[in-house]
Amino acid sequence: MKNNITRVSILCLILLCSFSAFAQKSEFTRQDTLRGSITPERAWWDLTYYHLSVQVNPADSTIQGMNTIQYKVLEPKQVMQVDMQAPMAIEKVMQDGKPLQFKREGNAYFVQLAKNQQTGAVDKVEVYFGGKPTVSTNPPWSGGITWKKDKNGNPFIANSNQGDGASMWWPCKDHMYDEPDSMLISVRVPDHLMDVSNGRLRKVEQHNDRTKTFHWFVSNPINNYGVNISIGDYAHFSEKYQGEKGVLDCDYYVLKENLDKAKVQFKDAPRTLQALEHWFGPYPFYEDGYKLVEVPYLGMEHQSAVTYGNGYQNGYRGRDLSGTGWGLKFDFIIIHESGHEWFANNITNKDVADMWIHESFTNYSENLFLDYHYGKEASSAYVIGTRMNIKNDRPIIGVYGVNKGGSGDMYYKGGNMLHTLRQIVNDDEKWRSILRGLNKEFYHQTVTTQQIENYLSQHVGRNLAPFFDQYLRDVRVPKLEYQVKGKKLNYRWSNAVDGFNMPVKVLVNGEEQWLEPATTWKEIKMRKKNAVIEVSNDFYVEAVAAK
C-alpha cells in the first residue's frame, strides 16, 4: 500500500511540475508585447520604403550597415519604435543630417524625433547599426545567420529568421502588419563572392578594397522575414516561363559544384509554377521575377528569392512525408517554399498567431501540385497520408499580440482541413475559383483569420464559423456517431464544438449519400435494413458506431 501511495505522489508531483512549466510558457513579458503588438509608437506611421545597405564580413561574422526607413505620418506623434535584437545594436539614428536621441528597452528602440510630425507628410530616418548577429543553431527553425563554407573553402552564408524576426540582423519595423511598398537591398561582400537577395539585380559596384556591392530592388510589398541575403560562390542559369501574366524570368543560383545536378532537379520549378498558377492564380511577383537560391540550410520562402537546400533529391530530404510514395514524385522544398509566394508573401498574416494562413494553404499546395500533374486520387492519397504527422496538441491559432504562433499542426492538419473543405464545396471548378479569388481579393495585403474565414464562408455559400472553430481553435477530431436500427439511421457529431454542423459524405451499402449531422441526434430512413455505413476518408473526421 505504501508503494502505491508513493507512486501516486510521484505522479501528482510530475503532473504539477508539468502544469507549472506549461503555465510559465504561457506567461508573456513586456518584450513579447513590444515585439508582437501594434504599439502606439508603431501605429502612428505607415512604412512606405526601405533602403537596407549592409556589409557582410565573413572573416569575423559581423554585419555593419544602415537602413533608411521612409514613412508616412498617420498621426502627429514624436516617438518611433524601431526594432533591433541583441547582440546587434543600433549605433545612431539621423534625420535631415542631425542625430536623434533614442532609448533602448530590450530589443525595442524608441527614437525621439526632433521636428514636428505632420499628418500626411512623408519623411525618413537613417538607422546605423552593427554587430555580430545570432548564429542559427538549427536553421531554418532557429533564427539567425548561418555561416558555413562550401567544398572549396569559400564562405557560404544565409539568413533565416521566420518567427524570431528580421530584427535579428537588420533594424526594422518588426511586425507583420505593415510592409514597405518597395525596397532596395544593397549587400557588400568580398569580391570573389556573390550576394543574391530579393527582387531584380540593378547593378554591381566594384570597390577598391576587394569588395563588391550587389543592389537588388523589390518593386512589390515585402514582409520583413522574407528579406534575405544569400552569399556564396554561385553559378547562375535561367529560363523564361510562359505564365498567365506573360513571360516570367526564372533565375537559379547554385554552388558551382552543384550546377549539373541543379539543371536537372530544378525542372520542378516550372512544373510548380504551372500547377500553382492553375489553382491559385498568376504568380504574384512577375515584376520581381522568380529565383531559386541554394543555401546552407533546408529552405525558406524568401519572396522572389526562394532558398533551397534539399540536397537535389525528391521528397523531404529524400523522405515521403505521406508514406504513400506520392511524396517522392516531387522536390518538397521547391514545391512547398514556392507555394508560399501565394500564401505568406502575397497574402500575409497581420499577426503571427494567424500563421496558419501561410502554412495550411502552402501545405495544401503540395496536394494541389499532385492533383494537377498526377490526378485527384494521387493528391487525395498524399494529403490523407500526412495525417500520421498530426499531433492535436494545441490549437492551430496562436496567441495574439505577443508574437506567439499556434501548433505545428497548422501544416498537416491545416492541409487536411482545406482538403475537407474542398469536399464540402463538392465542385472542383468552384473550389479552384475560390482559391484564385483569395489571391485576387487579398493581393499584396496583410490579413486576419477573420477576413479569410468570412471570404470562404461567403464564396462557399455556407456559414463556416463552426467549421473553423473546430479545426483552428480546438484540438479534438470530430466523431460521426451513428446507430443502425433496421431501416433507421441515427447520427450526430460528437467530440465537437457547439453548433458544429459540417455536412459529410458517407457510403450506405456502397452508395454515396450526404448527411447533414448536428451535435444532436438526427434520423433518416434507409431503403434496406442493417445497412453498412462508411465515412469518406477525404473528410478529416472519425466514425464511431454508437451502442
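A crossing of two helices is left-handed if the near helix is turned anticlockwise from the far one by less than a right angle, and right-handed if clockwise. Helices (H or I, at least four residues) and strands (E, at least two) are DSSP runs, numbered from the N terminus. The structure is a predicted model, in which local features need pLDDT of at least 70 and side-chain atom pairs count only at pLDDT 80 or more, while totals for chains, interfaces and linings use all residues. Residues are numbered from 1 along each chain as its sequence is written, and side-chain values use heavy atoms, with hydrogens and water left out.

## Helix packing

Two packed helices are described by the angle between their axes and the distance between the axes. Axes are lines fitted to C-alpha atoms, for helices over the stretch in contact, and angles run from 0 to 180 degrees between N-to-C directions.

| Helix pair | Angle | Axis distance |
|---|---|---|
| Helix 7 (356-374) and helix 10 (428-441) | about 140 degrees | 14 Å |
| Helix 5 (268-280) and helix 6 | about 40 degrees | 10 Å |

Helix 5 is therefore oblique to helix 6; angles under 35 degrees count as roughly parallel, over 145 as roughly antiparallel, 65 to 115 as roughly perpendicular and the rest as oblique. The crossing of helix 5 and helix 6 is right-handed. On the helix 5 side, the contact (heavy atoms within 4.5 Å) is made by Asp268, Ala269, Thr272 and Leu276, and on the helix 6 side by Ile334, Ile335, Ser338 and Gly339. By class, this contact has four nonpolar, three polar and one charged residues. Here Ala, Val, Leu, Ile, Met, Phe, Trp, Tyr, Cys and Pro count as nonpolar, Asp, Glu, Lys and Arg as charged, and the others, Gly among them, as polar.

Helix 7 and helix 10 are likewise oblique to each other, and helix 7 passes helix 10 in a left-handed crossing. Phe361, Tyr364 and Leu368 of helix 7 meet Trp431, Leu435 and Leu438 of helix 10. The contact of helix 7 with helix 10 has six nonpolar residues, no polar and no charged ones.

## Pocket and cavities

On a 1 Å grid over the protein atoms alone, a cavity is a set of points where a 1.4 Å probe fits but cannot get out, and a pocket is an open set with protein on both sides within 12 Å along at least five of seven lines; lining residues have an atom within 4 Å of a point. Grid points are joined across faces, edges and corners, and a volume is the space filled by probe spheres set on the points.

The largest pocket has a volume of about 1,000 Å³. Its lining has 36 residues, of which Trp141, Gln162, Glu359, Gly408 and Tyr411 lie nearest the centre. Strand 19 (299-300), helix 6 (332-339) and helix 7 each give two or more residues to this lining, and helix 6 gives the largest share, four residues. The lining divides into 13 nonpolar, 12 polar and 11 charged residues.

Among the residues that line the largest cavity are Arg35, Asp174, Tyr225 and Asn403. By class, that lining has four nonpolar, five polar and two charged residues.

## Backbone features in loops

A cis peptide bond joins Ala86 and Pro87, with omega about 10 degrees; Pro87 lies in the loop between strand 3 (79-83) and strand 4 (89-95). Pro139 and Pro140 are also joined by a cis peptide bond, with omega about 5 degrees.
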